[in-house]
Amino acid sequence: MTFLRLVVFYLFCVTAHWWLGTHFAPAGITPSILLAATVAVAVAAGPLAAHAFGFMCGVYLDFAAPHLFGGYALAFTIGTYLIWFFKWRMDFSNPASQMVLAFMLTILTGVIYGAAGMIFMNKFIWRGWAYTIFMPFANAVIAPVFFACARLLALDSEGND
Amino acid sequence: MNKEKRLANMALLFFATLSLLFLILPTGPLVRSIKAIVSFSTYPFINTAQSLTEISAGVPRNVLDLLNTESENRILREQARDAALMRAQLDAALEENRRLSEIAGFKQDSQWKGVWARVVERDPTHWNSSFMIDRGFSSGIELHDGVVAIQNGKVGLVGKVIEVSRETARVLLITDEMFSVTCYLKDHGWDALAEGQGRELLRLNYLPTEAQTDGGEVFTSKSSVVFPPGISIGTVLSVHSHGNFMTFVSADLLPTVRPGAVKEVFVMKKSQQEAQ
């Protein structure tokens, strides 16, 4: 059942991400729903479900990316692992810590993706100042909503995998 | 806890290896097949959502007059678009004609042939890099077909097709860092190379050191192997000198069409241009 709920949640997030990016992106900038959802699922779900979810979100972004195929999948997988690693040591139950987590992961995935570009394309993939400055804040703002969704879907970690 | 930790390590190892495999594999048939499968699986989903968006944004169905007005408006807009495209073609043909009458021996170019397509998918993480359109090889679109759009009544270059599936295609935008096109300055005839920078402005390189071309319009060059000549690329904003030791100067170029704002594009079919 958890698997089905995750699949539904994934499809919802992909559609919302596509809709927001295609129909509502003032100045070409809009929060990354897939990243916020990955952060929420990484905290709420078990290790296997969380990694699979993060990986699939990354694959969708790679599908939309013109250059590196696999860069986002790698960045989101590593990000999910780090969140899973730290969730036992930190409290992510309140919105403030959830926002900080989404903020940090946005920067981290950007760095990993850029570094992957340096390794595989000999070029750090830079997505502009507007994106770099605005995106972590935008993702931080929407992150608590996805934590609430994950709670509603009862994606609790115990025994999910 | 130990079991979960082991599971997490294994999941990291598995998915990271898979991601690295995607990265390492050449962008050949396998990666293209994976992308085609993802495209094939998500396109119906995206298409349905697009239709629902349009229905929810439309006028009530019982107001027939309004519906007729709306459909008439749509037809007129299409006609206006075609008229603007024809005008750009005429301008390009006139400009081409002027140059050809000066330089003998060049074959006169044909008109642009192609199809209109809608932008159906953009990603905020690659806003200045690419978007997906709702036409694919079933509509005759091929790799490296040129893409133009109309904005403020002017036709301008948007990019080129870099991936094609049956019903969709991905367009690499002129603003992407990997995009470049040979071009010429209309007023001076200088050839140069317009390159994307990952932001809204393009960079115009290899201009002669004496170039002072602020405000000059830049068009695709005859020497471009991908695009037909005479398509407007942008307007020169400012020229930058790199010091005395450089043999060329560069300039900032404002695109004629902002790729981040277009909703519909015209894909120029290369095969049909070549056939003529």
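In chain A, Leu35(A), Ala36(A) and Val39(A) of helix α2(A) are in contact with Leu101(A), Ala102(A), Leu105(A), Thr106(A) and Thr109(A) of α5(A); two residues are in contact if their C-beta atoms, placed from the backbone, lie within 7 Å. Helices (H or I, at least four residues) and strands (E, at least two) are DSSP runs, numbered from the N terminus.

By class, this contact of α2(A) with α5(A) has six nonpolar, two polar and no charged residues. Ala, Val, Leu, Ile, Met, Phe, Trp, Tyr, Cys and Pro count as nonpolar, Asp, Glu, Lys and Arg as charged, and the others, Gly among them, as polar.

A word on the source. This is a predicted model, in which local features need pLDDT of at least 70 and side-chain atom pairs count only at pLDDT 80 or more, while totals for chains, interfaces and linings use all residues. Residues are numbered from 1 along each chain as its sequence is written, and chains are lettered from A and ligands numbered from 1 in the order in which they are written.

The axes of α2(A), residues 33–44, and α3(A), residues 47–64, come within 9 Å and cross at roughly 170 degrees; axes are lines fitted to C-alpha atoms, for helices over the stretch in contact, and angles run from 0 to 180 degrees between N-to-C directions. The two helices are therefore roughly antiparallel, the term for angles over 145 degrees. Among the residues making this contact are Leu34(A) and Val41(A) of α2(A), and Phe53(A) and Tyr60(A) of α3(A).

Finally, chain B has four helices and twelve strands.

Key
Parallel < 35°, antiparallel > 145°, perpendicular 65-115°, else oblique.
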